[in-house]
Amino acid sequence: PLFRRDAVAYRSGKLFDTADAKLTAVTVDGAGGFALKQQKTPAGADAWKLTAPVVSDADPQAAGALAADLAGLRATEFLAESAANPAEYGLDKPKY
């Protein structure tokens, strides 16, 4: 055969496919967690709002940078398609 690569070699490394979808909310759980949501202003513009732990306007540059960073996340490796022992990968006991 011409190609001897596993099928996983052709999998996209992007964690979030944001080509067709726009990130409009971010929620971080746990200690120090927060929630951001993009909302329309009365003038019709998009603006990021902090919705938890308090309700407030969000720093537009910081919120935009966070959204861009999340959209750019890439997997460094993939687990086996059928992992026999999820504990090997830390998947046996979720924190939440």
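**Charge pairs**

I looked up Lys49 and found a salt bridge to Asp57, with the closest N and O atoms 2.4 Å apart. I count a salt bridge when a side-chain nitrogen of Lys or Arg lies within 4 Å of a carboxyl oxygen of Asp or Glu. This is a predicted model, where local features need pLDDT of at least 70 and side-chain atom pairs count only at pLDDT 80 or more, while totals for chains, interfaces and linings use all residues. Residues are numbered from 1 along each chain as its sequence is written, and side-chain values use heavy atoms, with hydrogens and water left out.

How exposed are the two partners? Lys49 is partly exposed because its relative accessible area is 24%. Asp57 is exposed, because its relative accessible area is 56%. My cut-offs: buried is under 20% relative accessible area, exposed is over 50%, and partly exposed is in between (1.4 Å probe, protein chains only).

How many salt bridges does the structure hold? I noted 2. Lys40 and Asp46 form a salt bridge, and their closest N and O atoms are 3.0 Å apart. Lys40 counts as exposed because its relative accessibility is 60%. Asp46 has 38%, so it counts as partly exposed. Side chains of opposite charge can pair when their charged atoms come close.

**The sheet**

I then traced the strands. Strands here are DSSP runs of E with at least two residues, helices are runs of H or I with at least four, and both are numbered from the N terminus. Two strands pair if DSSP finds at least two bridges between them.

In what order do the 4 strands lie? They form an open antiparallel sheet, β1-β2-β3-β4. The edge strands are β1 (25-28) and β4 (56-57), each pairing on one side only.

I went across the sheet pair by pair. β1 joins β2 (residues 34-40) through 4 bridges. Ala25 stands opposite Lys37 in β2. Lys37 in turn stands opposite Lys49 in β3, and β2 and β3 pair over 6 bridges.

**Turns and a cis bond**

I checked the backbone angles next. The β1-β2 hairpin has 5 residues between its strands, and Gly30 in the turn has a positive phi of about 95°. The hairpin of β2 and β3 has 5 residues between the strands, and Gly44 there takes a positive phi near 95°. Most residues other than glycine have a negative phi, and most peptide bonds are trans. The bond from Ala52 to Pro53 is cis, with omega near 5°. I placed Pro53 in the loop between β3 and β4.

**Core and surface**

Which residues make up the largest nonpolar core? I listed 7: Val26, Leu36, Trp48, Leu50, Ala58, Ala63 and Ala67. A core here is a set of buried Ala, Val, Leu, Ile, Met, Phe, Trp, Tyr and Cys residues joined through side-chain atoms within 4.5 Å. β3 and α1 (60-71) are the elements that give two or more residues to this core.

Last, I noted Phe16, in the segment before β1. Phe16 counts as partly exposed because its relative accessibility is 40%.
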